[in-house]
Amino acid sequence: MQKPAKKLGFGFMRMPLTDANDQKAIDIQQVEQMVDKFFARGFTYCDTAWMYHDFMSEGTVGQVVVDRYPRESFTIATKMPDMMLKSKEQVAEIFAKQKEKLHVDYFDYYLVHDMNSANYEKARKYDVLPFVRAKRESGEIRCLGFSFHDSADVLEQILEENPYFEFVQLQINYLDWESAGIQAHKCYDVCVKHGLPVIVMEPVKGGTLADPPADVKKLLHDAHPDWSPAEWAIRFAASLDNVMCVLSGMSNMAQLEENTRFMQDFTPLEPADWSLLLKAAEMIRASIAIPCTGCRYCVEASKCPQNILIPNYFALYNTRRLMHRRDFSPEIEYYDNYVGQGYGKASSCITCRACERVCPQHIHISEWMPKIAPDLEGGQNL
C-alpha cells in the first residue's frame with residue numbers, strides 16, 4: 001500500500017465558515033487558500049465523508065481540490081456511512097453519488113465509516129463489506145480500510161473476520177492513550193499485531209488539547225517554549241511508528257500554517273518528551289471531576305447487579321467534561337457501544353453501594369451515576 005509522503009492529512013470536517021451557525025456556509029475562498037498552502041508544502045492526503053458539514057464536505061473537496069489540481073498530485077479519502085443505511089440499494093447509490101460529488105473515477109482511500117459493534121452488524125446486514133471489496137478489486141477503491149470507535153476486543157473481532165482490510169483509522173491522542181473508555185493504546189496494539197497501518201483522527205481531541213489547564217501549559221512550555229499545545233498533541237500521534245497519517249481538522253489558515261510548518265520535516269518525539277506528555281495526561285485527569293484510577297475493583301470485586309461498567313463510564317464522563325467542542329464528542333458513542341454490548345446504563349444504578357465498599361479511592365459512585373447519566377445518555381447536544 002502506498003503511504004502518504006508526509007504524515008499530516010487535511011481533515012475537511014471543520015472548515016472555516018462565513019456563518020458560524022450554518023455548517024453549509026463554507027468559506028470557499030479561504031479553503032482554497034488553505035489547500036494551496038497545504039499542497040505547496042508537500043502534503044497530499046485529503047479526508048472527507050458523506051455527512052461532514054451537513055453533507056457539503058465532499059462537494060467542497062471536489063470543487064477546491066479535484067477541479068483545481070492534477071488527479072495524480074493528491075489523494076482522496078472518503079467513507080461509506082454505514083450508520084445511516086436503511087437498505088442494500090443505498091450502498092451503491094451513495095458510492096456513485098460520492099464519485100459524482102468528488103469528481104473522481106476512483107478513491108485513493110475508502111473507509112467503512114465508524115465500524116463499532118452496532119455499525120459492523122449494519123455493514124453485514126446491508127452487504128457493505130462485499131460491495132467495497134468488489135470496488136477494491138475493480139480499482140474504484142485503491143486502498144480499503146475503516147474508521148473505528150469501540151473497544152479493542154471489537155476491533156480484534158472485525159480484523160479476524162475480515163483480513164482483507166488494509167488500514168484502520170483510530171482516535172489517538174495523549175489524553176486517550178491510556179483511557180479505559182477509549183482504549184487508544186490497546187486498539188493501536190491490535191493494529192500493530194495485524195500489521196495494519198493506522199490513520200489518526202482527533203489528535204487534539206476536538207480542540208481540547210490545544211487549550212489544556214494552565215499547569216499543563218506551563219509544563220509543556222518550559223520543555224519547548226516554541227511548541228504550542230496543539231503541536232505537542234499532533235507530534236504525539238505522529239511519533240507512533242505504525243501511524244502513516246495524522247488528520248487535523250484545520251479550521252483557519254493559522255492552524256494550517258502551524259501544522260504544516262512542524263510536520264514538513266517531522267521527527268518523532270524524544271523519549272523524554274513522550275514521558276512528559278503522559279505526565280501531562282495524568283495532570284489533566286487529576287483536574288477532572290471524578291478521581292477514578294480505573295482499578296476496576298467496583299466491577300470485578302463488587303459484581304455490580306446492574307452490570308454497569310463504572311470505570312469506563314467515569315473515564316468517558318471526565319474527558320467529555322474537558323471538551324471545548326460540545327456539539328459532538330465520541331464519548332457518547334463509546335457509551336452507546338458499551339450499552340449495546342449488554343452493559344447497564346448509568347441511569348440503571350440501584351444505589352446498592354456494593355461498588356463503594358470496595359473502591360480504594362472512596363468515590364461515592366452511587367451519587368455520581370445520576371449525575372453522569374444525563375450527560376452520556378442525553379444525546380450529543382449538551
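## Close-up views of a predicted model

View 1. At 41% relative accessibility, histidine 103 counts as partly exposed. The model is a predicted one, and in it histidine 103 sits in the loop between α4 and β4 (109-112). Its backbone is worth a look: histidine 103 has a positive phi of about 60 degrees, although it is not a glycine.

**View 2. Aspartate 114 also has a positive phi, of about 55 degrees, without being a glycine.** Follow the chain to the loop between β4 and α5 (117-125) to find aspartate 114. Is this residue buried or exposed? With a relative accessibility of 8%, aspartate 114 counts as buried, since the cut-off for buried is under 20%.

**View 3. Tryptophan 177 and phenylalanine 236 form an edge-to-face pair.** The structure holds 26 aromatic pairs, and here is one of them. The ring centres of tryptophan 177 and phenylalanine 236 are 5.8 Å apart and the planes meet at 80 degrees, so the pair is edge-to-face. Distant parts of the chain are linked in this way: tryptophan 177 belongs to the loop between β6 (167-171) and α8 (184-193), while phenylalanine 236 belongs to helix α10 (residues 229-238), 59 residues apart. Both tryptophan 177 and phenylalanine 236 are buried.

**View 4. Tyrosine 313 and tyrosine 338 make a tilted aromatic pair.** Their rings are 6.3 Å apart from centre to centre, with 50 degrees between the planes. Tyrosine 313 comes from helix α14 (residues 310-322) and tyrosine 338 from helix α15 (residues 330-340), so the pair ties together parts 25 residues apart in sequence. Tyrosine 313 is buried, with a relative accessible area of 0%, and tyrosine 338 counts as buried at 3%.

**View 5. Seven names to find in one aromatic cluster: Phe10, Phe12, Phe38, Phe39, Phe43, Tyr69 and Phe74.**

**View 6. Helix α3 (residues 57-66) is mostly covered.** How many of its ten residues are buried? Eight of them are: Ser57, Glu58, Thr60, Val61, Gly62, Val64, Val65 and Val66.

**View 7. Valine 204 is buried, with a relative accessible area of 14%.** This valine lies in the loop between β7 (198-201) and α9 (214-223). Leaving aside residues up to four places away in sequence, valine 204 touches Leu209, Ala210, Ala230, Ala233 and Ile234.

**View 8. Stepping back, the protein has 16 helices and eight strands.** Its radius of gyration is 21 Å, close to the 21 Å that the globule rule gives for 382 residues, so the protein is as compact as a globular protein of that length. The C-alpha trace spans about 65 × 50 × 40 Å along its principal axes. Of the 382 residues, 54% count as buried. Among contacts with a separation of 6 or more, 77% are between residues 24 or more positions apart.

How values were computed: Residues are numbered from 1 along each chain as its sequence is written. This is a predicted model: local features need pLDDT of at least 70, side-chain atom pairs count only at pLDDT 80 or more; totals for chains, interfaces and linings use all residues. Side-chain values use heavy atoms; hydrogens and water are left out. Helices (H or I, at least four residues) and strands (E, at least two) are DSSP runs, numbered from the N terminus. The radius of gyration is taken over C-alpha atoms; the globule rule is 2.2 Å times the number of residues to the power 0.38. Buried means under 20% relative accessible area, exposed over 50%, partly exposed in between (1.4 Å probe, protein chains only). Contact means heavy atoms within 4.5 Å. Rings of Phe, Tyr and Trp (its six-membered ring) pair if their centres lie within 6.5 Å; planes under 30 degrees apart count as stacked, over 60 as edge-to-face and the rest as tilted.
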